[in-house]
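Hello! Here is the structure I promised to pass on to you. Please open it alongside this email, and then read on for what turned up in it.

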Amino acid sequence: MAASLTGLLKPWTPRVLLVRWSRYNPYYLEPGPRKEVYHIPETELTPEQKEERELKSVRPIKAATNSVTSSVFNDPVLSKFVNMMMKDGDKIIAKGIITQTLENMKRKQVEKYHKAPEGKKAEIECNPYAIFHQALENCKPVIGLTSIQKGGKFYQVPIPLTDNRRRFLAMKWMITECRDNKHRRTLMYEKLSQELLAAFSKEGNVVKRKHELHKMAESNRAYAHYRWW
Amino acid sequence: QIGFSLSQCHPFCHQTQVRPLHGSGCGQQQEAIGMETRPETFSIFRTQENDPACQSEQHLGQYYTVPPSHFHTVFPHGLPPRYQQQVKTFNEGCVMVRQPALELISHLKRADYSKPTLRYLLYGVKGSGKTMSLCHTVHYCSTQGWLVLHIPDAHLWVKNCKELLPSSYHASRFDQPIQASNWLRNFRTTNEHFLSKIKLRQRYVWTKRESTEEGRPLGELVDMGVSRVKSSSDVVGAVLKELRLQAGGTEGGFRLAVAVDGVNGLWGRTTLKKEDKSPVAPEELTLVHNLRKMINNDWCGGAVIATLSQTGSLYAPSSAYLPQELLGEEGFDSMDPFVPVPVSLYSEKEFESCYLYYLDHIHFHHWLQHPHSQTEEGKKELIFLSNRNPSVLERLCAFL
């Protein structure tokens, strides 16, 4: 079946070339911006990697988006968070807020480190990226709810969530929490750093919201069989 | 499977390192480990010589610590705000010994103080370290027992002034009570020990009932200026005049260092407006008028060290950094002749030193936390992103 399909997939390019859109012919391959992959000399490649390289020399490749860099500091999760925080396409402001947040978190943790007694010093995490990732992990729900119609009524049914959906929910809750529940004079980066540090130690409103979702799903266990997929 | 068989043959081998597919990852880890095992007593980027007078070319590129006891007396104001944050986070104030500051200090050591004052002007692109060099020189002057007149930013006196009172002393001038009293308070902190030694040579009358007699200590004048905010600008003028007269004196003579940051704000335009919405020229402000008299080289027994600054300046393009562009005609003519001291971006050695300082884990936890920033790749990227500009590098390392 694969053989017949590949015969059908001609390397066509539309007359109007859509470079920035995401609907490409499946013939196109993903771009690979990581430099290390290309530094490996010919001799050390495994057969799969050799095949991949040959394929890349033949097939066309999708255009890389502007936010993807070959920089060693490129973090896809953080980029996604910046995009979600962005308003009206103003990525400079969103990126600025995130960098200020990371700096703020690092400063708070380093000051805490200096004040801590010797025994406690090793436990304090000063890496803002590690804190960010761990906090996001702690906010991700394990199970979600969806509205299913059965017999004229809508029931909240517990369903499993995909990884992407869980990550999206965690980020969305974090951002809405920081936008809504803050004092008028508190700046966004200040509130965000407070929330992230709280989520890192499993306290705070976002983790509370996750627990509430879990409790709702637990209480609606009876309707689980309404899910047919 | 390879790892499993290794552990079977070598029961005492705790690390069954399965070699990763990408060879570069292993090499980077070993580099990072190599840096950590450097012996603690030997650091390339720190020096134990904390006295600016004894620093020489061999200390170029190294960081020296300002003793914490001196810190609040020498620098109540005048440090860049991001540097103050850094000092608070690291619990120590470390300054890099750089070429412009050393040059300035060597000039100050060899100058003849019976001749009219020499004026030194630090200039350079944005973020190259002019204010920090100025602060280094101020620390030197302080340790040598000079009286330091440090104006943290002359631009603060020509913009954002909420209260502009017409001056009591001179009809067409304007007073700025808040700025003047703030400055006097900081001046008092810096020069405590001089305040009782210097005696006034003239009688100053403030109002019908208030006056300060001849022979009173300077401290009384300063205290009066801080408490009576209305006449604080005139007090500043009086203080400057007294110090100018007494600086080169043979009896009880002290050396006076006038350190002005953002000196290009004294000539140019202000954003202040009079009540009839007409703009105020800088000459019409008492503080600016008196400071200009101070910068003239008609007195002896000290030095004037000034910095240009585009950051706070008004109506100046952001690409301007040369003295001619920022001072304008009037300013350049008043400052002429001066000794120009260019401040450049970090050299390779200085960049190395700065990078190692941020990476240092003995005195404080790594400031550079991102695992990739500690590798060679990350370092090359930092050089590329910051172009070795000190302030840009500081901002980058803050969030990495």
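**What I found in the model**

Going along the sequence, the elements of chain A come in the order α-α-α-α-α-α-β-β-α-α-α. Its radius of gyration is 23 Å, well over the 17 Å that the globule rule gives for 229 residues, so chain A is more spread out than a compact globule. Before you go further, please keep in mind that this is a predicted model.

**Chain A as a whole**

A box of roughly 60 × 60 × 40 Å, taken along the principal axes, holds the C-alpha atoms of the chain.

How much of chain A is buried? Buried residues account for 34% of its 229 residues. The accessible surface of the chain is about 15,100 Å², and carbon and sulfur atoms contribute 55% of that surface.

Contacts along the chain are worth a look too. Take the contacts in chain A with a separation of 6 or more: 63% of them are between residues 24 or more positions apart.

As for charge, chain A carries 41 positive and 25 negative side chains. The centres of these two sets lie 7 Å apart.

**Two residues with positive phi**

Now for some single residues that you can find by number. Start with A:Asp88, which sits in the loop between α4 (76–85) and α5 (91–115) of chain A. Its phi is near 60 degrees, a positive value in a residue other than glycine. Is A:Asp88 buried or exposed? Its relative accessibility is 84%, and exposed means over 50%, so A:Asp88 counts as exposed.

B:Lys277 is not a glycine either, and its phi is positive, near 65 degrees. You will find B:Lys277 in the loop between β9 (256–261) and α11 (286–295) of chain B. With 66% relative accessibility, B:Lys277 also counts as exposed.

**A cis peptide bond**

Stay with chain B for one last stop. Which form does the peptide bond from B:Asp336 to B:Pro337 take? This bond is cis, and its omega is near -10 degrees. B:Pro337 belongs to the loop between α12 (323–335) and β11 (339–342) of chain B.

Enjoy exploring, and write back whenever you like!

Notes: Residues are numbered from 1 along each chain as its sequence is written. Chains are lettered from A and ligands numbered from 1 in the order in which they are written. This is a predicted model: local features need pLDDT of at least 70, side-chain atom pairs count only at pLDDT 80 or more; totals for chains, interfaces and linings use all residues. Side-chain values use heavy atoms; hydrogens and water are left out. Helices (H or I, at least four residues) and strands (E, at least two) are DSSP runs, numbered from the N terminus. The radius of gyration is taken over C-alpha atoms; the globule rule is 2.2 Å times the number of residues to the power 0.38. Buried means under 20% relative accessible area, exposed over 50%, partly exposed in between (1.4 Å probe, protein chains only). Contact means heavy atoms within 4.5 Å. Accessible areas come from the Shrake-Rupley method with a 1.4 Å probe; for residues, only the protein chains shown count as cover. Lys and Arg count as positive and Asp and Glu as negative; His and the chain ends are not counted. The place of a charge is taken as NZ of Lys, CZ of Arg, CG of Asp or CD of Glu.
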